[in-house]
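Trainee: I'd like to learn how to read salt bridges and strand pairing from a model. Can we walk through one together?

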Amino acid sequence: WSRDDPRYSDWKVETKVEPLEGPFDEDACYSTCRACEARLVVVIRFEDAKPIEVRFVDLEENWPEGYLA
């Protein structure tokens, strides 16, 4: 959804300690590896609520600084 769509504010949850400048948002998400079932953290970059890039993947225990769990 675009930023002026009423649904955008429902989707947008502040999960980054310091927001990004510009039209981008990032969210750190919990995930699980399909191959080995390891618990992971994945940081995804969004532009107007559309995922555009995976920025980081690691074990959940290595949760990146600056993102709320």
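Trainee: How many helices and strands are there in the protein?

Mentor: Keep in mind that this is a predicted model. It has 1 helix and 3 strands, and from the N terminus the order is α-β-β-β.

Trainee: Which way do strand 2 and strand 3 run?

Mentor: Antiparallel: strand 2 (residues 39-47) and strand 3 (residues 50-59) are joined by 8 bridges.

Trainee: What about side chains in a strand?

Mentor: In a regular strand, side chains alternate between the two faces of the sheet.

Trainee: Okay, salt bridges. How many does a search of the whole structure find?

Mentor: The count is 4. Take E26 and R45, whose closest N and O atoms are 2.8 Å apart. E26 sits in strand 1 (residues 24-32) and R45 in strand 2, 19 residues apart.

Trainee: Are E26 and R45 buried or exposed?

Mentor: Both are buried. The cut-off is under 20% relative accessible area, so E26, at 7%, counts as buried.

Trainee: Which residues are linked in a network of salt bridges?

Mentor: E26, R45, E53 and R55.

Conventions
Residues are numbered from 1 along each chain as its sequence is written. This is a predicted model: local features need pLDDT of at least 70, side-chain atom pairs count only at pLDDT 80 or more; totals for chains, interfaces and linings use all residues. Side-chain values use heavy atoms; hydrogens and water are left out. Two strands pair if DSSP finds at least two bridges between them. Helices (H or I, at least four residues) and strands (E, at least two) are DSSP runs, numbered from the N terminus. A salt bridge is a side-chain nitrogen of Lys or Arg within 4 Å of a carboxyl oxygen of Asp or Glu. Buried means under 20% relative accessible area, exposed over 50%, partly exposed in between (1.4 Å probe, protein chains only).
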